[in-house]
Amino acid sequence: MSRNVLVLADVRDGALRNVSLECLAAAGRVAEGGKVTAAVFGSKAKSLAVTLAHHGADEVIVVENDQLDQYTTDAYFQAFKQVIDTVGPDVIFTGHTAVGRDVSPRIAARLGVGLISDCTDVQLTDGRIVFTRPIYAGKAFVKKVVKSGMVFATLRPNNIPAREPDPSRKAEVKELDVTFAPETLRTIVKEVVKKTAEGVDLSEARIIVSGGRGVKSADGFKPLQELADVLGGAVGASRGACDAGYCDYALQIGQTGKVVTPDLYIACGISGAIQHLAGMSNSKVIVAINKDPEANIFNVADYGIVGDLFEVVPMLTEEFKKVLA
Ligand code: FAD
């Protein structure tokens, strides 16, 4: 059964986020000969259409409007709803990002259709789409099948690999004009002040070096940042470290922070509370550095180092410098 599948491209600072390409890969898995359409918003939208085509879009709907450069609920709701009304898709994928988590349930509720959030896998089995998502804070996974009707799904970044780009692929690019009546936009973003340093986006990072209360101070994060820099990764944190004021809450990983699935997660001075594990236990390889051999983090770690992080982390940095030089 062929299906038309729509993907909302997630754009940050004018660039496509990788999860958009992962959504296109998921769309390709389930379309079964139907059309894969990508919707992309913002004043640079048209320039992103080629990349979307190379990664699997058959059609790209471009809404070039500077009121969509920064995400606001009202503007995205109106624009995406208009795209959905135009395309009439069977399945709609967005990233399980701040954008997808906000806009998808709103439109699903407005249309009275279902939504499966935080999917870590999407497969086609006997002609049916099987969505996999974690439950019980990541301790188990459930597989869901939708019998009929339109369905929204948000995909957790870093779980479904993007397709290799195919430069020979072309997509039909359609421009959609969306105008917003001023009274319908209840929020206007005037300025974005970034609290965290520029660098690798934590939610999409392939390597994360994360610090907990064992890091002991804001300065204690410096060796972790050095290791992350050498590895081309990002720095994350436990809530313990954020609550203690050692780092910004934007770095918090866990149940009430970001959910990450990097290839490598290095937990330094983190005890491994269930709320922290909820945000990182699906990482592909977990390395734990803790001076307490009984720390719970070792129960989920693939490699454990019992030791003082202030000795171990600089040693790792020096060794990786030699290997990666
Ligand atoms: P601790 O538990 O204090 O652990 C510090 C660790 O550092 C210890 O294991 C210690 O042995 C080790 N250590 C100390 N010095 C060194 C050293 N020099 N070298 C090596 N190791 C050292 N937590 C989250 O992380 N994310 C969340 O999203 C989150 N959400 C929550 C939501 C709710 C509703 C609640 C109730 C709690 C939540 N928490 C969350 C908090 C969670 O329960 C823990 O309190 C927190 O994760 C502990 O942080 P920690 O591991 O850094 O600190």
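Start by selecting Ser238 and the ligand: a polar side-chain atom of Ser238 lies 2.5 Å from an oxygen atom of the ligand. That makes a polar contact, meaning a pair of N or O atoms within 3.5 Å; within protein, one atom must be able to donate a hydrogen and the other to accept it, and residues adjacent in sequence count only if both atoms are side-chain atoms.

Before you go on, note that this is a predicted model, where local features need pLDDT of at least 70, side-chain atom pairs count only at pLDDT 80 or more, and totals for chains, interfaces and linings use all residues. Residues are numbered from 1 along each chain as its sequence is written, and side-chain values use heavy atoms, with hydrogens and water left out.

Next, select Asp308, which places a polar side-chain atom 3.0 Å from a nitrogen atom of the ligand. Then try Lys291: here a polar backbone atom is 3.2 Å from a nitrogen atom of the ligand.

How many residues are around the ligand? There are 26, and Arg213, Ser238, Thr256, Ser271 and Asn290 come nearest (a residue is near if one of its heavy atoms lies within 4 Å). Colour the shell by type and you will find five nonpolar, 15 polar and six charged residues (Ala, Val, Leu, Ile, Met, Phe, Trp, Tyr, Cys and Pro count as nonpolar, Asp, Glu, Lys and Arg as charged, and the others, Gly among them, as polar).

Switch to cartoon view. The helices α6 (239-243), α7 (274-280) and α8 (309-324) each supply at least two shell residues; helices are DSSP runs (H or I, at least four residues), strands likewise (E, at least two), numbered from the N terminus.

A polar atom of the Thr86 side chain lies 2.7 Å from the backbone oxygen of Gln82.
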